[in-house]
Amino acid sequence: MKLTRSVFWIAPMLALIPHLLLNEYYQYLVNLTLVYVLVGVGFNIVVGNLGQLAFSNVAFFGIGAYASGILTTQLSMPWWMTIIPAGLAGALAGCAASIPALRGVRLFYLAIMTLAFGELMRWSYIRTPSLTGGSMGLSVPAPELFGWVMEREHDKFYVFLFIVVVVVIFTNRILESRIGRAFQAIKNDEKAAAAMAIPTSRYFLLAFALSGFIVGVGGAMYTALVGHLSPEAFDLVQLIQQFAIIMVGGLGSLVGSVLGAVLITATPELFRDWPGFEELMFGVVIVLVILLLPRGLSSLLARAHSVFKDRYYRDD
Amino acid sequence: MALLEVAGATVRFGGLTAVKEVAFEVEAGTVRALIGPNGAGKTTLFRAIAGEERLSGGSIRFQGAAIHDLTPHEIAARGVRRTFQNGGLFGDLTALENILAGLHMRTRSSLWGLLVNSRRAVQAEREATRKARQLLGMMGIGHVADQPARDLSGGQQRMVEIVRALATDPPLLLLDEPAVGLAPPVRTELLGIIRRVVEQQGIAVLLIEHAIEFVMTVSDTIMVLNNGELIAQGTPAQVRENREVLEAYLGR
Amino acid sequence: MMLALLPQLLVSGIAIGMLYALIALSMTILYRATTVVNFGHGDIVMVGAYLLTIFVVNATLPFLPALLASLAVLFVFGYLLHRVFIWPILEGPHLSLAMMAIAIGYALRGLMRLEYGQESVRMPRPFPEKVFFIHDVVITLDEVVFCVVVIVLLLSSYLVFSRTRFGRIVQAMFQTQRGASLVGIDVRLYNNLIWGAGCALGALGGVLLGLILVLDPDAGAWTLLRGFAAMTLGGFGSLHGAVVGGLLIGILEKLLGTYVSTAFIDITCYIVIIVVLLVRPRGLFGQHATLRI
């Protein structure tokens, strides 16, 4: 138990070492991985821990990204000030996405509805060019932190790493607490959870809002990272990649989110020269994971060493 | 005033009346059983009390207040706890965590407190864990506390369910076929547990059961339901003699 | 004044609605057989058009044999898809089934992109474009073809369903899989066949789509959502619901798109999904409702 806790402190410090050796491009990849860690962590809360088929993650991501972008371009806010608003925008979207779930919509009905919600959001990015730059996209200035302009990828790395570590630690605390227990209870048997006086609606809302917040913050980081937003970045293709993070990494597992994030950032790099091959590989990998390793990579690692076991996520 | 008062309860599904004008009371510190042939409406009545079915007519009052319009979790929060026929156990959680889930209401702490590991939050969790281990120990399954619930044997799982339902000392306990699938020695143990909590803690128990011997031994009062109607209530001895009941399904 | 447009809008709406109905129908039979919602179906539909193009252009087959070949390939694909990827995990978590379908669709998308890269492709046409005038209403040959093909298909499926042994067995399976297996029906085999048929039907829809759309590996999402909208409106699992739903979506798109805002051409399907699932989740003819907690 103590060992698992200290991993959260040690790992990021180890991550600082290669940073000193990486060039701009690889540092960019590491930063992208950090963004995807947040995406995976947020997604996992609703799909892995609460156990719902919600496909709304890209909507949260896009809303957070565009919220940050719009605030920097329209209101000239420095980037660091847009992080929390982006998170809140994502949380709000999370609340909206939870409405069908609160009314009892489950399983693939929920999936389809959240899918439609995501596509509706993407349509709105295209159709509000005055705010979002429409299909031409939105260019944002270099991210700024208390007056320090982060031009280089290395600069962004420090900030991203800090944000990710904070989010991961807090998420871990929540998932290990009665809240995480309530999520798992609902996932296992919703009726029984209600019979334990667990107000399931409240926890649905909490899970979705929390997920939305974390992914929204990830969106703000994404905006800072890429500097230019376009609606295509938030379509169903992106959704599948986000699914890959949590399914290949390990549903419900924080460690899994990290592993999955590393994987989906690394893979496209290997296949950059063959358009279409990457998608084929992704599809094949997910199929194989579902058939052969349904609990994801983290389950493999968890068997190797208990350090990789999340206490609230078990694979036996 | 009785703990649970059911008056004129009726549940209709479209054209079918599953429960017809059922009325009875449950006093604290007693065990009341609900028996009857399959399809008699026992489960429907049970679910109505637990809030999972809506009454089409009549009322259900608990501790004097009407509960038939409340949601299941609100009813549970008021002190009506139940077990389920097919588990209802949280398989991914350990036995201990299942009990902690049952204690959910009692481990309150603010979100902020949880995030920063405030003293109150840590204290609440520690207290609950201690109590949960104690309860499991009293039932003789303390040694499996940290195993995932789905890995436990059938009898152990049933015990965990009961402990979980009892964790908050609920005034009313609803048991849905608690003895089904249990070996005779385990049934006897269960019987002992039920009588003990009823007599020592004054808990009221309402249970559905098919195992007649079990019912006859554990209950203070037995109610017989047939075709949605209450056709008999009384002590086990009275019910055993009742001609209508015998005709209905005991088949003797 | 605007009302004068109504007949035109209805005609065009019904025509495209026929296409949506076909796609929704192909998805519904997969769902009825296995209660799996095929999230990769949009991509399968597109593959139909791509395959036809490959057969005509690369293999220089005439249109009709190429069409039959595409349908046959996709039938076999659907058969194997169920047999190898769906059947083994049917009892598992719903998420895995959804992801399996998505992943396969995604892999297909990759294949299509590998073959054609960034170039936009037009499916070869079997007949030239033509336009008819009936009173003030314009109707294209494509639209006529949509209607004819789908109506013929519906009629023949009705005949297959009610007159043939195969159809009766499928009907039994649609009612209850467990009951069907109890009377000795090889559920796995029939599911394989039904998936083959569903994918072939989807491919047919893709070919029809290819008449009016430029082929694009990413068009699968467009197709999928319209299929979902039709199924949701008609009621999930209902065969006539899929048809009625498809027609209604087609008509709604045209009406709202003209009388309210052109935005509705794109977003009608999303709005229908969201509104129907919030207000009346079982749609027009469906049976499953929502959970009551």
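Let's start in chain B: Arg12(B) stands opposite Thr17(B) in strand β2(B). This is a predicted model, where local features need pLDDT of at least 70, side-chain atom pairs count only at pLDDT 80 or more, and totals for chains, interfaces and linings use all residues. Residues are numbered from 1 along each chain as its sequence is written, and chains are lettered from A and ligands numbered from 1 in the order in which they are written.

Helices (H or I, at least four residues) and strands (E, at least two) are DSSP runs, numbered from the N terminus. Two strands pair if DSSP finds at least two bridges between them.

Now the sheet. β1 of chain B, residues 4-13, pairs with β2(B) over 7 bridges, in the antiparallel sense. Four strands of chain B form an open, antiparallel sheet, ordered β2-β1-β4-β5. Which strands are at the edge? They are β2 (16-26) and β5 (65-66) of chain B, and each pairs on one side only.

Over to chain A. Helix α2(A) covers residues 24-49. Of its 26 residues, 20 are buried (20 or more other C-beta atoms within 10 Å of their own, C-beta atoms being placed from the backbone), so α2(A) is largely enclosed by the rest of the structure. Gly51(A) follows α2(A), with a positive phi near 75 degrees.

Last, the two chains together. 23 residues of chain A are in contact with 25 of chain B (C-beta atoms, placed from the backbone, within 7 Å). On chain A's side, α8(A) gives the most, with 7 residues.

Note on methods:
Two residues are in contact if their C-beta atoms, placed from the backbone, lie within 7 Å. The expected span of a helix is 1.5 Å times one less than its number of residues. A residue is buried if 20 or more other C-beta atoms lie within 10 Å of its own, exposed if 12 or fewer, and partly exposed in between; C-beta atoms are placed from the backbone.
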